[in-house]
Amino acid sequence: MSAIENPAASPASGHGANPRPATGLPSPALNGKVRVPGDKSVSHRALIFGALARGETRITGLLEGEDVLNTAKACAALGAQVERLGNGEWRVEGVGVGQFRAPDAPLDFGNSGTGVRLMMGAVAGNPIAATFDGDASLRKRPMKRVLDPLVAMGVEVVEEAQGGRLPLRLQGLSDLKAFTYETPVASAQVKSAVLLAGLAASGETVVVEKEATRDHTERMLAHFGADVRVEPHGPHGRRITLTGRPTLVAAPVDVPSDPSSAAFPLVAALIVPGSDIVLSAVMMNPLRIGLIITLKEMGASIETLAERTEGGETVADLRVRYSRLTGVEVPPERAPAMIDEYPILAVAAAFAQGETRMQGLAELRVKESDRLAAVADGLAACGITHRIEGDDLIVTGAPDVEGGGPVATHMDHRIAMAFLVLGLASLKGVQVDDMSFIATSFPTFMPMMAGLGAILTEGA
């Protein structure tokens with residue numbers, strides 16, 4: 001069965017050509033046990049490493065959202081055999097490091113910054129030219145942060161849009177220069193692109209992070225047989241050293257549930273009175289649980305059950321109950337461990353007593369949208385007191401949140417889901433202008449939330 005199609009998303013989902021408004025309405029207590037889809041970060045990497053390894057990689061629990069499916073299509077266009085066997089079950093027959101073939105057409109990553117940036121690194125170590133492109137949102141996002149280190153390793157940028165943006169064309173090399181790179185921004189995507197390129201470099205490629213970011217690439221490098229060392233660097237950072245030119249060997253990958261997706265039903269349960277839910281098999285990687293740490297500091301009732309190891313990652317079931325939250329100060333060094341969760345944290349903060357200050361959010365300005373501005377505008381549309389000071393977002397909570405909208409989602413799946421969740425506990429509900437992009441990361445969001453008791457409607 002071939003299957004690089006999205007079995008879960010409707011035909012109307014996609015690139016915003018036909019906006020699909022939706023509304024989250026005041027809901028009764030949420031109850032039930034659910035498992036959210038597979039982790040998006042791990043899913044991207046499982047496909048890419050499967051394509052770079054020799055032999056057949058079997059993947060279970062793969063997230064079948066549009067972002068990941070676009071990465072699967074890119075792997076196939078570069079010469080790997082990619083096949084869907086069933087729900088979340090895939091096989092990838094890899095070609096080996098440095099053995100990608102030149103694609104016949106531009107590689108289209110849709111809305112996925114992770115997919116395009118990681119694949120730039122993977123393609124860099126091949127003597128081929130490839131064009132990278134995406135949708136209108138992705139074309140606005142910065143790529144120079146990845147291009148600069150790749151050029152230093154020997155990659156040629158043949159064509160690029162203004163400011164180093166998509167569409168762009170790269171010419172790779174079979175023998176890149178190994179070097180030491182100190183990342184100027186806390187970005188797992190930049191780190192991963194350099195390490196993927198380093199697979200084709202002679203000698204050791206070193207990435208130094210001042211703030212540790214999610215480490216799925218390092219874990220997967222080791223899982224597929226690469227020689228990679230991770231050491232502390234300073235109070236919060238890490239130094240990652242990769243020995244180049246390994247033979248990556250196919251290995252099975254069981255993708256755990258995505259904590260960034262679990263954040264939406266989790267916060268919904270915390271703010272809808274009487275709620276009591278269980279989220280099963282949520283990844284508990286220490287570099288991905290900043291939101292859970294913060295919510296517990298706010299007084300959230302989140303109980304960890306049945307912690308275990310699956311697919312090289314720690315997972316656990318989480319019991320989440322309605323809680324009276326209190327505002328807190330979120331330190332800037334926590335941002336890399338929860339960068340995707342700030343929109344939904346802002347929703348939780350809207351219902352917390354007092355002020356919640358989220359510090360050091362500069363990276364939110366260059367996500368799928370300017371998320372800092374988009375969150376602030378959404379809060380304003382819902383009557384929530386807030387302000388931005390530099391790169392900090394300060395939200396003042398209230399016992400009764402009016403709601404309203406419409407909230408402009410700016411083609412951003414996390415903005416859409418966050419404000420639909422806000423609507424569940426508001427007085428009037430919240431309408432978002434377009435839910436179609438939810439399919440990029442959480443194609444089952446609407447039915448899963450409805451199964452817990454949430455009242456969500458489509459249409460204006």
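The structure is a predicted model, in which local features need pLDDT of at least 70, side-chain atom pairs count only at pLDDT 80 or more, and totals for chains, interfaces and linings use all residues. Residues are numbered from 1 along each chain as its sequence is written, and side-chain values use heavy atoms, with hydrogens and water left out.

**Overall build**

- The protein chain has 13 helices and 26 strands (DSSP runs numbered from the N terminus: helices are H or I with at least four residues, strands are E with at least two).
- Its radius of gyration is 21 Å, close to the 23 Å of the globule rule for 460 residues, so the chain is as compact as a globular protein of that length (the radius is taken over C-alpha atoms, and the rule is 2.2 Å times the number of residues to the power 0.38).
- Along the principal axes, the C-alpha atoms fill a box of roughly 60 × 50 × 45 Å.
- Of the 460 residues, 61% count as buried (under 20% relative accessible area, with a 1.4 Å probe and protein chains only; exposed is over 50%, and partly exposed lies in between).
- Among contacts with a separation of 6 or more, 77% come from residues 24 or more positions apart (a contact means heavy atoms within 4.5 Å).

**Helix H9**

- Helix H9 spans residues 290-297, and its buried residues include Gly 290, Leu 291, Ile 292, Thr 294 and Leu 295.
- The cover over the buried residues of H9 includes helices H8 (259-271) and H10 (342-350), together with strands S18 (301-310), S19 (313-321) and S20 (329-330).
- After H9 comes Gly 299, which has a positive phi, near 100°.

**Aromatic pairs**

- The count comes to five aromatic pairs (rings of Phe, Tyr and Trp, the last by its six-membered ring, pair if their centres lie within 6.5 Å; planes under 30 degrees apart are stacked, over 60 edge-to-face, and the rest tilted).
- Phe 109 and Phe 132 have ring centres 6.2 Å apart and planes at 15°, so this pair is stacked.
- This pair links distant parts of the chain, 23 residues apart: Phe 109 is in the loop between strand S6 (107-108) and helix H3 (113-124), and Phe 132 is in strand S7 (residues 129-133).
- Phe 109 is buried, at 0% relative accessibility, and Phe 132 is also buried at 0%.
- The rings of Phe 442 and Phe 445 have centres 5.5 Å apart and planes at 70°, so this pair is edge-to-face.
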